[in-house]
Every structure is written in C-alpha cells, then in structure tokens.
Amino acid sequence: MEGSPVRIPIRCTVVAALVALVGGLVAGPAAGSTSDEGAPDAGATVTWTVQPATADGPDGRISLRHVLDPGASVTDHVAITNFSERSATFAVYAGDGVVSDSGHFDLPPGDSSAQDGGAWLTLGDVPGAERVDDGTLRLTLDPGAAVTVPLAITVPADATPGDHPAGVVAELVSGDTVRLAARVGTRLHLRVTGDVVASLAPQDVTTRWEPSWNPFAPGTVHVRYRVANTGDVRLAARAATTLAGPFGAGAAEHAVDVREVLPGQSALVEAELEVWPVVRVTGHVDARPWVVGEDVVDAALRTGSTQVAVWVVPWSQLALLVLVVGGVLGVRWGRRRSARRVQARVDAALAEAGVAREPASTTQP
C-alpha cells in the first residue's frame with residue numbers, strides 16, 4: 001500500500017564479529033540507521049535517507065511515479081542525505097521491484113542483473129562520485145551532506161503495457177570486505193501505456209487433513225496456495241477458501257487480504273479451516289482483485305477460482321465406534337460366558353446329589 005513500510009533483507013557473511021543493524025526500503029522517504037563497526041570511527045551510527053526530489057532537493061513526494069508510452073523517456077531525481085556525525089560511503093544503484101512472501105516491497109541484491117523496469121533506469125553523473133562498470137555509483141558524503149542523483153527512465157519501444165516496478169537504493173559500504181549490506185531506497189511506480197489486464201489466479205493449491213483425536217471436536221484442513229498475478233498491473237487481493245460437506249454440511253471459510261501482488265509474481269497464502277469429518281468436503285479457492293493505493297486501472301478486475309476436494313476420514317469417530325461396539329459385544333459375551341459357567345456348576349452339583357435336571361418345558365400350562 002502507498003506509504004506503508006516495505007523492507008529490504010539484510011545480507012551478511014561470516015566474520016570475526018557480528019554486526020547488528022536494521023535496514024529498510026520504504027514507499028516514501030526512506031531512512032536507514034546502523035552501527036558500522038568496520039569504519040575508522042568504530043561503533044559510530046550511520047543514518048541516511050533516499051527521497052524523491054527535483055534538481056533542487058527533496059520535493060515531498062511519496063514515491064517516483066510515471067506513466068510513459070513505449071519508446072518514451074523522462075528524467076527524475078532522488079536526494080541522498082547523510083545525517084551521521086561522520087562521513088559515509090554508499091553504493092547507489094537501481095533494480096527491479098519484487099514483493100516478498102512477508103508482503104514487503106524489495107529489490108534484489110546489487111549484484112543481481114535488472115531485467116525489467118530497473119534496467120530502464122540510468123543513474124546520472126554526480127560530482128565526486130565513482131561510476132562502476134555495472135552503472136552503480138559509489139559516493140562518499142560528509143556528515144550532514146546531501147547529494148541529488150539525476151535519473152533517466154527510458155522505456156523500450158517494444159515494452160509491454162502495464163506496471164514495471166523498480167527502485168533506487170543507497171547501500172552502505174563498509175571497508176574493503178563486505179560483511180553485511182544495509183540499504184534504503186525509494187520506489188519507482190512505472191506504467192507503460194496500452195491495454196492492460198487485471199487478473200489474479202490461485203495456483204499450486206495443496207491440501208492436508210489433520211484429524212482431531214477428540215471425537216467430539218472438528219479436525220483441521222490445511223490449505224496452501226499462491227495468489228498469482230496473471231495480468232500486467234499490480235493488484236491487491238481478497239483470497240478466500242470455502243469448504244463444505246455433502247448438502248452443505250459443516251461449511252467452513254477462511255479469508256485473508258493480500259496487500260500487493262506484482263505482475264508475474266505471486267503471494268503465498270496458508271489457511272487453516274476447522275472441518276467436521278464428513279468423509280469428503282469440496283469447495284473452492286478464490287482470488288478477488290482490487291486496485292492498490294492511488295493506482296488507476298482501466299480494465300475489468302478478473303477474479304480467479306479453482307476447485308478443491310479433501311477426504312476428511314473420521315478416524316477418531318471410527319475408533320470411538322469400534323470401542324463402543326467392541327465394549328457392548330464384550331459385555332454380552334462376558335455375561336453369556338459367566339452364565340454358562342454358573343449353569344455348569346449347578347449341573348455338576350445336582351449330578352453329585354443324584355438329582356436329574358428337569359428339561360426346560362416349551363409348552364404353556
């Protein structure tokens with residue numbers, strides 16, 4: 001969602017000492033803070049931001065947002081500010097946007113090659129900055145200093161319509177050996193004009209039945225699936241799983257909101273539904289889309305659905321039935337056996353006394 005925080009994961013390698021930090025990328029002006037033990041001023045806190053800007057500095061925008069025709073281009077800027085009390089060096093680069101399974105917007109690490117919107121974004125020259133072969137800028141900022149980085153966004157002539165998410169990050173550089181990566185950045189919402197498709201679909205649906213060993217309690221059906229964006233614009237989703245037994249008996253439903261799914265990507269959903277063991281339940285998984293934040297989608301929102309069926313065998317109830325029936329039969333068998341033993345003893349006593357046993361009469365007096 002617009003303005004909500006999205007995080008970039010921390011990458012680290014094994015070193016003699018472990019450094020703790022918190023890093024993040026946000027949809028609006030981003031700020032990072034970390035204690036850099038590898039710097040000359042060991043233990044000093046480094047705090048910096050990356051913000052949308054004009055050539056004169058930050059302009060208060062939440063994110064970079066552009067709608068361009070195929071083959072068109074536009075220029076924009078980001079401002080990087082070092083709020084620390086010491087100088088800091090940053091690697092600045094662009095990349096394709098992704099959304100993690102936790103729902104946070106992210107960029108792949110700097111050593112990953114951009115293939116989509118991130119590849120259409122070029123960083124301009126900055127006085128005093130070193131340009132690396134892959135287009136990354138390496139710049140050092142004095143305490144309290146800020147720099148504006150120009151951006152050129154050029155859409156290929158054969159670009160497909162829809163959203164091509166990207167972003168720009170500033171990653172803290174610590175010495176010659178990278179022990180961990182802390183980076184913050186700002187997001188680029190880039191849409192190419194043309195006919196767009198807005199659709200979602202549940203995919204890779206798996207189910208698992210977990211019976212309750214309490215025969216008087218329902219069991220649990222575990223449903224796992226991915227909500228895939230099969231269109232070309234980013235969407236939020238209402239993902240719902242509905243199950244019911246024969247004639248609608250024991251109906252159960254699970255629903256969850258997925259805040260953002262990018263085109264060509266998917267979000268993982270795990271659902272747990274309490275279901276009575278009625279041998280077999282059937283139902284469906286639905287993914288209903290809606291528009292995210294300030295986006296405008298001039299296309300029909302297509303809901304995706306898939307059918308599911310789960311065997312919910314009442315093992316505990318069958319075990320209880322076996323115990324009850326076995327108990328009743330056992331009691332009856334025990335009573336008959338006991339009666340035969342008693343009768344045998346009576347017959348033996350009568351035989352010793354020389355008294356013949358009268359046969360049971362079958363005629364009424």
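Contact here means heavy atoms within 4.5 Å. The exercises concern a predicted model, in which local features need pLDDT of at least 70, side-chain atom pairs count only at pLDDT 80 or more, and totals for chains, interfaces and linings use all residues. Residues are numbered from 1 along each chain as its sequence is written, and side-chain values use heavy atoms, with hydrogens and water left out.

**Exercise 1. Confidence**

State the mean pLDDT of the protein and the share of its residues that reach 70 or more.

Solution. 
- pLDDT is the predictor's confidence in each residue, from 0 to 100.
- The mean is 83, and 78% of the residues reach 70 or more.
- Residues 1-28 have a pLDDT below 50, yet beyond near neighbours in sequence this stretch has 89 contacts in the model.
- Where pLDDT is low, the predicted coordinates should not be read in detail.

**Exercise 2. The aromatic pair**

Classify the ring pair formed by Trp48 and Phe90.

Solution. 
- Rings of Phe, Tyr and Trp (its six-membered ring) pair if their centres lie within 6.5 Å; planes under 30 degrees apart count as stacked, over 60 as edge-to-face and the rest as tilted.
- The structure holds one such pair.
- The ring centres of Trp48 and Phe90 are 5.4 Å apart and the planes stand at 45°, so the pair is tilted.
- Trp48 sits in strand 6 (residues 45-54) and Phe90 in strand 10 (residues 88-96), so that the pair links distant parts of the chain, 42 residues apart.
- Both Trp48 and Phe90 are buried.

**Exercise 3. Positive phi**

Two residues, Asp204 and Val279, have a positive phi. Give the angle and the accessibility of Asp204 and of Val279.

Solution. 
- Most residues other than glycine have a negative phi.
- Asp204, in strand 21 (residues 198-210), has a phi of about 55°.
- With 59% relative accessibility, Asp204 is exposed.
- Val279, in strand 26 (residues 279-290), has a phi near 80°.
- The relative accessible area of Val279 is 42%, which makes this residue partly exposed.

**Exercise 4. Asp116**

Locate Asp116 and name its contacts, leaving aside neighbours within four places in sequence.

Solution. 
- Asp116 is in the loop between strand 12 (105-106) and strand 13 (121-123).
- Its relative accessibility is 27%, so Asp116 counts as partly exposed.
- With that exclusion, Asp116 is in contact with Asp96 and His164.
- The C-alpha atoms of Asp116 and His164 are 6.5 Å apart, while the two residues are 48 apart along the chain.

**Exercise 5. The whole protein**

Solution. 
- Among contacts between residues at least 6 apart in sequence, 71% join residues at least 24 apart.

Key:
Helices (H or I, at least four residues) and strands (E, at least two) are DSSP runs, numbered from the N terminus. Buried means under 20% relative accessible area, exposed over 50%, partly exposed in between (1.4 Å probe, protein chains only).
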